[in-house]
Amino acid sequence: MSSIAFIGLGNMGAPMAHNLVKAGHQLTVFDLVPAAVKGLTDVGAQAASSAADAVRGAEIVVSMLPASKHVEALYLGDDLLGAIDPSALVIECSTIAPDSARKVAAAAQALGLAMIDAPVSGGTGGAAAGTLTFIVGGEPAALQRAMPVLQNMGKNIFHAGTAGAGQVAKICNNMLLGILMAGTSEALALGVANGLDPNVLSDIIAKSSGRNWATELYNPWPGVMDHAPASKGYTGGFGVDLMLKDLGLAAESALASRSSIPLGELARNLYSLHSSGGSGKLDFSSIVNLYTHKSA
């Protein structure tokens with residue numbers, strides 16, 4: 001088992017770290033929120049006073065942060081890379097701009113550090129169950145070193161290409177997810193407005209040509225799926241503002257590559273409108289409220 005430093009214990013990071021503790025790894029954790037740290041120390045992890053303290057002597061460093069600016073500030077602004085043992089492996093799991101991932105990876109490489117970008121898909125449920133999908137960018141040898149740790153947190157591991165490729169693939173996936181959730185919400189709202197039972201309509205869609213991940217595993221209509229955030233007041237899960245961030249990353253990538261993403265841009269505008277109404281911290285499936293006129 002490995003000595004692992006885990007930085008970032010939010011809705012995704014905390015359950016991921018918990019699974020590493022359960023797998024028997026020696027975990028040292030750091031987060032700016034004391035309660036998040038306590039949640040891990042209660043199950044056997046060690047608390048660090050700072051990120052630099054956490055990485056000292058670690059064989060593996062894992063980070064899960066909200067956005068590009070946080071990742072760059074951590075590794076470059078605080079010169080954390082210089083505090084990491086040159087023989088260690090860095091696994092950066094945040095969803096960030098591909099250029100940011102390449103920038104941090106280049107700085108790590110200059111110091112002789114192996115680093116991969118490994119954003120995840122699967123939501124908080126997948127993080128808790130240890131069934132996440134990891135989408136990796138980086139050298140094959142670094143991925144091979146990371147496999148035992150990634151397999152303790154996820155079920156599917158894909159190598160997308162060189163540094164930053166994991167982020168490109170994740171952005172494409174999340175853009176499609178945002179489009180699918182908005183479309184599913186629109187369809188359900190239309191059906192209910194015309195007298196249909198949302199449970200029946202969801203079952204019909206799930207077994208017909210409109211089937212998708214949202215209808216089958218993450219239904220946005222309250223009461224259809226007990227485990228979904230929609231049935232828990234849209235708490236937990238993946239926030240509206242995080243989806244909006246990812247759709248913004250897709251727009252930036254499209255602009256840089258001169259690609260056309262009309263549906264991605266439309267979804268971005270819908271989530272922006274939803275967020276501006278005060279729903280930014282709710283789960284992204286709450287976009288259904290935009291169609292039922294229940295946005296905060």
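# Close-up views of a predicted model

**View A. A polar contact of 3.5 Å links the side chain of Thr133 to that of Asn156.** Here a polar contact is a pair of N or O atoms within 3.5 Å; within protein, one must be able to donate a hydrogen and the other to accept it, and residues adjacent in sequence count only if both atoms are side-chain atoms. Before looking further, please note that this is a predicted model, in which local features need pLDDT of at least 70 and side-chain atom pairs count only at pLDDT 80 or more, while totals for chains, interfaces and linings use all residues. Residues are numbered from 1 along each chain as its sequence is written, and side-chain values use heavy atoms, with hydrogens and water left out.

Thr133 sits in strand 8 (residues 132-137); helices (H or I, at least four residues) and strands (E, at least two) are DSSP runs, numbered from the N terminus. Is Thr133 buried or exposed? Its relative accessible area is 17%, so Thr133 is buried (under 20% relative accessible area; exposed is over 50%, partly exposed in between, with a 1.4 Å probe and protein chains only). Setting aside neighbours within four places in sequence, Thr133 is in contact (heavy atoms within 4.5 Å) with Pro119, Val120, Ser121, Asn156 and Phe158. From Thr133 to Met115, the C-alpha atoms are 18 Å apart in space, and the two residues are 18 apart in sequence.

**View B. His25 is found in the loop between helix 1 (13-22) and strand 2 (26-30).** Its relative accessibility is 9%, so His25 counts as buried. Which side chain forms a polar contact of 2.6 Å with the side chain of His25? Look for Asn152. The His25 side chain also reaches the backbone nitrogen of Ser2, at 3.1 Å. Not counting residues up to four places away in sequence, His25 touches Met1, Ser2, Ile4, Leu20, Val149 and Asn152.

**View D. Helix 8 (residues 165-193) reaches 42 Å from its first C-alpha to its last.** That is close to the 42 Å expected for its 29 residues at 1.5 Å a residue. Gln167 belongs to helix 8, and with 0% relative accessibility this residue counts as buried. Apart from neighbours within four places in sequence, Gln167 is in contact with Ser94, Thr95, Ile96, Pro98, Ala101, Asp117 and Pro119. After helix 8 comes Gly195, with a positive phi near 95°.

**View E. Tyr234 has a positive phi, near 60°, although it is a residue other than glycine.** You can find Tyr234 in the loop between helix 10 (213-217) and helix 11. Its relative accessible area is 7%, so Tyr234 is buried.

**View F. Arg258 is not a glycine, yet has a positive phi of about 55°.** Where does Arg258 lie? Its place is the loop between helix 11 and helix 12 (262-279). At 81% relative accessibility, Arg258 counts as exposed.

**View G. Stepping back, the protein chain has 13 helices and 9 strands.** Taken along the principal axes, its C-alpha atoms fill a box of roughly 60 × 45 × 35 Å. Of the 296 residues, 50% count as buried. Among contacts with a separation of 6 or more, 62% come from residues 24 or more positions apart.

How values were computed. The expected span of a helix is 1.5 Å times one less than its number of residues.
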